[in-house]
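The sequence and structure are shown first, and the description follows.

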Amino acid sequence: MIREYYVISIVIIIAAILWFMWSFERRKPQEREVVMLAVMTAMAVVGRAIFIVTPQFKPCAAIIIITGIMFGKQSGFLCGVLTAFVSNFIFGQGPWTPWQMFSYGMIGYLAGILFQKGILKARKIDLCIYGFLSVFLIFGGIMNPASILMAYGRITKKSLIAFYISGAPVDLVQATSTVIFLWILSRPLLEKLERVKRKYGLLQRPENKEENENDKE
């Protein structure tokens, strides 16, 4: 019975990931958009691999956030999903992989939504605040309960408190590193990606006009 909680949760996570992938494909993205998604994912994977000696100090979340802002919520989600999946061929695949895929995906997805609605601006300070909170609350908020399920098969109040407390320093390091990399990378990446979008007419569709107008501000 205890293991059923874990199995059910994994099924739900995988179903959510597949649904997002299907919705992205249904939108019939442009070939150039797919290429840019692959490039951003590769950057995030390489960034995670380069900092292999510092387990939680990595730039991947920052790149995923930038992807969500520049190419929309679905691209942000897929960048997060693919980054975790591909990079874990280096770091090791396991039952934690679907959880990491979903956690990183939601960081990119939410960044895209907030930017499209004008809540999140493409400014360093705004991105850094979002980066810190999203990594600490979303990634940590998902991975800590997931660790309990992987270890014990079910979540209790005591175990949840204990894992959140013990995981806080780790989440804090990753959140801080995201802030640092967003501060360094956001402006040059956003400027270059904006030029690419204008040159190749990426995401110039009616449903994305609002996002592009916010992007120009």
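A residue is called buried when its relative accessible area is under 20%, exposed when it is over 50%, and partly exposed in between, using a 1.4 Å probe and protein chains only. By this criterion, buried residues account for 49% of the 217 residues in the protein. The model is predicted: local features need pLDDT of at least 70, side-chain atom pairs count only at pLDDT 80 or more, and totals for chains, interfaces and linings use all residues. Residues are numbered from 1 along each chain as its sequence is written, and side-chain values use heavy atoms, with hydrogens and water left out.

**Overall organisation**

The protein contains eight helices and zero strands, where helices (H or I, at least four residues) and strands (E, at least two) are DSSP runs numbered from the N terminus. Contact means heavy atoms within 4.5 Å. Among contacts between residues at least 6 apart in sequence, 76% join residues at least 24 apart.

In helix H3, 12 of the 12 residues are buried, so the helix is largely enclosed by the rest of the structure. Among these buried residues are Ala 62, Ile 63, Ile 66, Thr 67, Met 70 and Phe 71. Just after H3, Gly 72 adopts a positive phi of about 100°.

The axes of H3 (residues 60-71) and H5 (residues 97-116) come within 7 Å and cross at roughly 35°. Such axes are lines fitted to C-alpha atoms, for helices over the stretch in contact, and the angles run from 0 to 180 degrees between N-to-C directions. The crossing of H3 and H5 is right-handed, a term used if the near helix is turned clockwise from the far one by less than a right angle. On the H3 side, Cys 60, Ala 61, Ile 64, Ile 65, Gly 68 and Ile 69 take part; they meet Tyr 104, Ile 107, Gly 108, Ala 111, Gly 112 and Phe 115 of H5. By class, this contact has nine nonpolar, three polar and no charged residues. Here Ala, Val, Leu, Ile, Met, Phe, Trp, Tyr, Cys and Pro count as nonpolar, Asp, Glu, Lys and Arg as charged, and the others, Gly among them, as polar.

**Helix H6 and the residues around it**

For H6 (residues 124-152), the 29 residues should span 42 Å at 1.5 Å a residue, and the end C-alpha atoms are 40 Å apart, which agrees. The expected span is 1.5 Å times one less than the number of residues. H6 has a kink of about 35° centred on Gly 140; the bend at a residue is the angle between axes fitted to the seven residues ending there and the seven starting there. Gly 153 follows H6 and has a positive phi, near 90°.

| Residue | Relative accessible area | Class |
|---|---|---|
| Val 135 | 1% | buried |
| Gln 174 | 5% | buried |
| Thr 156 | 36% | partly exposed |

Val 135 lies in H6. Leaving aside neighbours within four places in sequence, Val 135 contacts Ala 61, Ile 107, Gly 140, Asp 171, Gln 174, Ala 175 and Thr 178.

Gln 174 belongs to helix H7 (residues 157-200). Not counting residues up to four places away in sequence, Gln 174 touches Gln 56, Tyr 104, Val 135 and Phe 139.

Thr 156 is located in the loop between H6 and H7. Its C-alpha atom is separated by 9.5 Å from that of Pro 145, 11 residues apart along the chain.
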